[in-house]
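Me: Please take a close look at one part of this model. I would like to know where it sits, what surrounds it, and how it compares with other places in the chain.

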Amino acid sequence: MSQKGKPIDSPATEDPPYLQPGSIVEVNHEDNVCPRARYTAIIMERATSTNDKRYVVQFTNLYQDRNSGTKLSKEYNSVDIRPLPPPQPPRKFKMGDIVEAYFDDGWYEGKIDQVLDDDRYIFRTSSMFLLFGVNQLRLHRTWLNGNWVPPLDESELAVEEEESTEKMMESETDNAEASKAGTGNILEESDQKTKEKEEEFSEGAHVEVTNIDGDGSNQAWFAATVVKPVGNNRYLVRFETLRTEDDTGFLEKEMDSLHIRPPPPHIPVPDQFKMFDHVEVLYKGGWWKGVIAEVLPDDSKYLVFLANYDRLECKHSDLRPRQGSIDEN
């Protein structure tokens, strides 16, 4: 991913290239789970409310309001903003290494607590232990006085140089397109993606749906069928496991596309899950995120911590590997 995004309306400033409007950066955003987490964002403009070096950023994966799709925008000091690190090739870590793990759309700082087989690691933060594959981990680096500490190795420098060339080519292409089609504002790109998303799910498509209560508190995915698109990125869906209050049929509800996903691909279920495995639990008609907290004496049962902080004793047949952000890479 190049460091520069689509051009936006704000004029260029005298700041370093990575702090220019439109640049893609990482921001040290306070998080309730782990205070040392960084999230991808776009520099929108330099703040005018203070003489300090502060910038308005818009996060790419954090929302002010998920129901409307409004991305979170906040003002940060420059010390909380750093360039987007170049992609790192997978590497072998050892116990005690300080690393960053990709979890819930952000990079969390912690250390390797245990080295397992198949390039898997137990990652420890101040508040939790998590299991990650090597593709979800990167070496922790600090941006200090315009340099990465520890410095990038040769393979990473090659990636950075390649991306720099791509960025120049993208910039030339963007300028040509902007001269033909308008300003090239990032909001225009967002509008185009919104239009494309309207046709994402067709009538009769099998999907999974979350946030059925509309308040963002629901942590489960429920199987459903698209009855019909209703416009404005919304769909009428019929749930396959939830029934109406009078039990006369399956519940139908209008949902925003932000809360709909295709059914996850089939992943073989292991013969036995292990402690700290990330799983989804079939509970109350939906698939809930959870972590194996204990393998019970009866090997076919487990104690699972759910994302809503409930503890649940589960049978092996009610579990499947986690299909969310940790397992995407």
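Reply: Lys92 lies in the loop between strand E5 (81-83) and strand E6 (98-103). The model is a predicted one. With a relative accessible area of 65%, Lys92 is exposed, because the cut-off for that word is over 50%. Leaving aside residues up to four places away in sequence, Lys92 touches Asp119 and Tyr121. The side chains of Lys92 and Asp119 are joined by a polar contact of 2.6 Å. As for Arg120, its C-alpha atom is separated from that of Lys92 by 9.8 Å, and the two residues are 28 apart along the chain.

Next, the nonpolar core. Phe93 is among the residues with the most contacts inside the largest nonpolar core, which has 28 residues. Val27, Val57, Phe59, Ile81 and Leu137 are also on that list. Domain 1 (17-83) and domain 2 (97-151) both give residues to this core, so the core lies between them. Apart from it lies another core, of 24 residues, including Phe222, Phe239, Ile260 and Leu306. In soluble globular proteins, nonpolar side chains tend to be buried together. Within the largest core, Val57 touches Val27 and Ile81, and its other contacts include Ala41, Ile42, Leu72 and Tyr76, not counting residues up to four places away in sequence.

His259 is in the loop between strand E16 (250-256) and strand E17 (260-261). His259 counts as buried, because its relative accessibility is 6% and the cut-off is under 20%. Beyond four places away in sequence, His259 touches Arg66, Asn67, Glu208, Val209, Thr210, Asn211 and Trp221.

How values were computed:
Residues are numbered from 1 along each chain as its sequence is written. This is a predicted model: local features need pLDDT of at least 70, side-chain atom pairs count only at pLDDT 80 or more; totals for chains, interfaces and linings use all residues. Side-chain values use heavy atoms; hydrogens and water are left out. A nonpolar core is a set of buried Ala, Val, Leu, Ile, Met, Phe, Trp, Tyr and Cys residues joined through side-chain atoms within 4.5 Å. Buried means under 20% relative accessible area, exposed over 50%, partly exposed in between (1.4 Å probe, protein chains only). Domain bounds come from an automatic or database domain assignment. Contact means heavy atoms within 4.5 Å. Helices (H or I, at least four residues) and strands (E, at least two) are DSSP runs, numbered from the N terminus. A polar contact is a pair of N or O atoms within 3.5 Å; within protein, one must be able to donate a hydrogen and the other to accept it, and residues adjacent in sequence count only if both atoms are side-chain atoms.
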